Amino acid sequence: MPRPITAVIHRQSLQHNLNVARTKMPNSHVFAVVKANAYGHGIERVYQAFKSADGFALLDLAEAKRIRALGWKGPVLLLEGIFSEQDLFDCDELNLSFTIHSQYQIEWLARFPRPARFDVYLKMNSGMNRLGFAAVHYRDIWQQLSQLNNVQSITHMMHFSDADGERLGRDGIEHQCQLFEAITHDLPGACSVSNSAAILRHQQLQSDVIRSGIMLYGSSPDFPAHSIDDWNLQPAMSLRSEIIAVQQLKAGDSVGYGSKFIAETDMRIGVVACGYADGYQRITATGTPILVDGQRSSLVGRVSMDMLVVDLSHLPSAQVGSEVVLWGTSKHGTVLSIDEVAAGSGTIGYELMCAVTARVNFIQD
Ligand SMILES: *Cc1c(COP(=O)(O)O)cnc(C)c1O
């Protein structure tokens, strides 16, 4: 029998979450962001559920090819654009749209030897200072691009740095929206600005194309201000395992490497087949929630490579073979959001879902 750890991908939840994005912004085209192998869920595993999206957005050409191989004929957007001049041949053959964020990419486009009709997304650096053209140069760049014969359409694009909260005590999107609007308002073309946090918190924004990522996978972009329940989202991945041994501790006994946990009273613990080599972070704090047979319990001691320990003191019927949910939904229907677990290691749901390792068996329901 294989080790009992399994990542279950819930197609209905993916579909449900996509509908939440659509309902929030009914006048926008909804692009499903499936970069990083669909945030660790597997592009092939999410495809059916996301087929009703208006487009897919991702980073790697290899991932774009996988989407085309699945039969997708609609828009595919490369969020970081092309990485080499050669990539343009693939974009042409596979009909891929791409971001233009730097001058060198425009030079490649201008030199492209074939007759092509590219849909490009012109990225403005509106304050995040990662990718994009400075606002002062944006209109000149737009002019340059619109004169290229192989550019069929230019969508104005930017990315928010603080859509999940505030910035310097003010609304997190205000400064970027004002700049973007001032520069683009009288230029022709559609625009794309909203990520998950903006879709959920700022429905009033104009964004002809929305780029929904994390919300589709059932994690709240602004946890702990809002939980997945607040946003009506459902976990798309459940990391499940089982108890493989039970130990009875006496007061003063320790648990795991480094004896990081010392029992204050007699207690019962369960050893779970899940460790950091499965993607459950080693630095996760004692007390982080874990479900056992659908009931909340918590992590005890240091996570090791292949095992971790859960408190069973208040769960007398838990035993070897009991279901353990590290995050997601239990077979009993109880939900443990990945956001709560991520908080236990000082990170966010995004990182946990992307980091489930290759040795974990993935299944779909
Ligand atoms: C990843 C990404 C998104 C999606 O962000 P979420 O917070 O996951 O919704 C949107 N736009 C760009 C440019 C991205 O890189």
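Mentor: Start with R3, which forms a salt bridge with D278; the closest N and O atoms are 3.0 Å apart. A salt bridge here is a side-chain nitrogen of Lys or Arg within 4 Å of a carboxyl oxygen of Asp or Glu.
Trainee: Where do R3 and D278 sit in the chain?
Mentor: They link distant parts, 275 residues apart. R3 is in the segment before β1 (6-9), and D278 is in the loop between β16 (267-272) and β17 (289-292). Helices (H or I, at least four residues) and strands (E, at least two) are DSSP runs, numbered from the N terminus.
Trainee: Is this from an experiment or a prediction?
Mentor: It's a predicted model: local features need pLDDT of at least 70, side-chain atom pairs count only at pLDDT 80 or more, and totals for chains, interfaces and linings use all residues. Residues are numbered from 1 along each chain as its sequence is written, and side-chain values use heavy atoms, leaving out hydrogens and water.
Trainee: How many salt bridges does the structure hold?
Mentor: 14. Across the interface of domain 1 and domain 2, the rule finds 0.
Trainee: Which residues make up those domains?
Mentor: Domain 1 is 11-217 and domain 2 is 237-364. The bounds come from an automatic or database domain assignment. Their C-alpha centres lie 37 Å apart.
Trainee: How many residues are in contact between them?
Mentor: 8 residues of domain 1 touch 6 of domain 2. Contact means heavy atoms within 4.5 Å.
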